[in-house]
Amino acid sequence: MNLIKKLHISTSHPQTFLFVIAVFLLCLISVFLYCYATPYGIGLTNDSAAYLGGARSLLTGFGYARIGGDGLPRLITHFPPMYSLFIAAAAFLGKTDVFKSAWGINLFCYAANLVLFVLLLKQMTHHHLPALLAGICYLCCGPILQAHVYGLSEALFLAFFLSTLLFLLSDKKSEFRSAHWLFIGFWIGILTLIRYIGVATLLTALIVVICSIPAKKKKIRASISLLIGFFLPVSLWLIRNGIAGENAVNRSFSWHWPAADKTEEGLRNLASFFLPEFGGIVEKFLPFWGIILSILLAGLLIWTFRSCIRILSAQKAAESAVLLSLQAVVYFFSVIFVVICIDGSTLFDNRIFLPFYVCLSAMVIDSASRLFTKKRSLKITGIIIILVFSALLIEDESDLWNTYHQDGQGFASQSWRESETRNGAIALPQTADLFSNRQTFLWLMNNQPTYILPPMFNAANQEERESFEAEKEWMREDILSHKAYAVIFNYQEMMNDPGDRAWLDLLLEDLPIYGEYSDGMIFGIR
């Protein structure tokens with residue numbers, strides 16, 4: 001029976017009609033929650049400047065570029081382009097600015113990802129009730145809301161990530177067709193052009209092909225189709241970056257073990273997702289939870305490996321739980337690999353772990369739903385398990401609703417909107433060069449091209465930069481020649497940190513003060 005016939009039969013069933021109505025109501029709730037959490041618009045961070053600023057450059061005809069301190073466009077290669085392309089397209093079609101466009105895209109993604117998560121659990125469990133309960137879990141999940149309220153690529157990434165999982169789980173009869181894998185590869189290529197970590201999903205799909213397709217020739221054909229589909233969109237990006245004189249993704253391999261505080265933060269975020277935080281239960285026993293999480297992760301890794309071997313031996317399609325656990329394991333260790341070997345500036349925060357959380361949450365709900373086919377008492381137990389899981393999630397999200405509603409996030413907050421240092425920078429001569437520790441803010445919010453304040457260390461590998469001294473002298477000479485100004489946000493706070501103080505002393509020693517403000521300083525000649 002083909003997919004269209006299945007859809008016709010399912011939609012004609014009264015339970016399916018009620019299911020659709022329930023999903024629609026959950027979507028309305030998601031729209032209300034998102035609007036409630038973002039009365040001041042989309043949250044903005046340093047990375048948002050690349051995405052929204054890149055979209056603004058696209059609209060002004062500069063291409064996917066940032067504006068350097070000299071006012072000239074420079075191609076963006078560090079951040080993949082797809083999120084900016086979506087923002088620019090929506091802004092162009094809606095005749096609005098990139099801030100409202102990003103807000104609208106993330107609002108749409110918040111509701112669409114709810115539907116995709118519900119459909120994923122419907123596909124996994126083959127029951128309406130656990131799928132609807134999954135929708136409730138989605139609305140209760142703080143990291144999901146957090147990922148959508150900021151002008152970052154995670155919201156769009158999650159939409160393509162969930163839809164890829166659905167494609168891998170659906171239409172078993174087409175799993176041996178080359179066109180099927182060509183399309184999935186193309187979709188994963190788009191996913192990777194939203195966030196580079198999408199390569200982890202490509203690896204997952206390749207493992208699925210190797211394990212589940214029986215004949216060797218069919219494995220090879222499916223793998224080639226998957227890779228061709230993947231490189232159709234990705235190769236254009238790689239070629240463009242090569243022409244720009246950069247390496248493929250503006251990344252390089254270098255070993256840098258994450259700092260202890262970063263590892264501790266990651267452990268705290270992982271434990272807090274699954275555990276209640278009342279009474280400081282996570283913070284007080286963090287080493288203990290680290291041991292428990294390590295054991296559970298090792299168990300998940302072993303179970304996933306053995307399941308893949310079993311599927312390879314049986315030459316049958318991968319079960320939904322195995323696919324989700326495989327994706328969770330591959331994604332998690334891909335993040336660890338990136339932090340250790342490629343980009344040490346990556347933080348173990350909730351938005352980075354979000355796909356990992358989503359996969360594990362789906363597995364928890366799927367496991368509880370297995371009780372639904374048993375007797376009534378077990379079905380009630382399954383429902384209670386899912387609702388308790390939702391209650392653990394909503395503990396954190398209820399705080400986020402209030403926090404987000406009270407003020408904008410990041411650069412959209414009142415402190416940044418009404419910053420005295422920001423207003424002081426606006427009054428500077430337009431012909432002067434600017435240097436700042438918040439050059440992304442000045443470019444995005446003030447539309448002032450700005451050089452970054454010369455950093456001592458490379459953020460990716462924490463090694464000292466050889467060009468620091470030359471850049472420092474260049475900045476100081478321009479400031480003393482009345483050609484430039486140094487705009488330092490949060491100067492007073494930075495001087496209380498020994499590392500920041502030493503850095504600023506090297507950069508700003510004996511430079512004249514142009515203006516002193518409650519939230520910063522500007523150095524230069526009046």
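**Aromatic rings and their contacts**

The charged end of Arg-195 lies over the ring of Phe-157, at 5.0 Å from its centre; a charge sits over a ring if NZ of Lys or CZ of Arg is within 6 Å of the ring centre and within 35 degrees of the ring normal. Likewise, Arg-526 places its charged end over the ring of Tyr-514, 4.2 Å from the ring centre. The model is predicted, so local features need pLDDT of at least 70 and side-chain atom pairs count only at pLDDT 80 or more, whereas totals for chains, interfaces and linings use all residues. Residues are numbered from 1 along each chain as its sequence is written, and side-chain values use heavy atoms, with hydrogens and water left out.

The structure holds 34 aromatic pairs (rings of Phe, Tyr and Trp, the last by its six-membered ring, with centres within 6.5 Å; planes under 30 degrees apart are stacked, over 60 edge-to-face, the rest tilted). Phe-167 and Trp-187 form an edge-to-face pair, because their ring centres are 5.6 Å apart and their planes stand at 80°. Phe-167 belongs to helix α8 (residues 154-169) and Trp-187 to helix α9 (residues 178-192), so the pair ties together parts 20 residues apart in sequence; helices (H or I, at least four residues) are DSSP runs numbered from the N terminus. Phe-167 is partly exposed at 25% relative accessible area, and Trp-187 is partly exposed at 22% (buried is under 20%, exposed over 50%, partly exposed in between, with a 1.4 Å probe and protein chains only).

The rings of Phe-273 and Tyr-357 are stacked, since their centres are 4.0 Å apart and their planes at 5°. This pair links helix α12 (residues 260-274) with helix α16 (residues 350-369), its members being 84 residues apart. Both Phe-273 and Tyr-357 are buried.

Terms used
Helix = DSSP H or I, 4+ residues; strand = E, 2+ residues; numbered from the N terminus.
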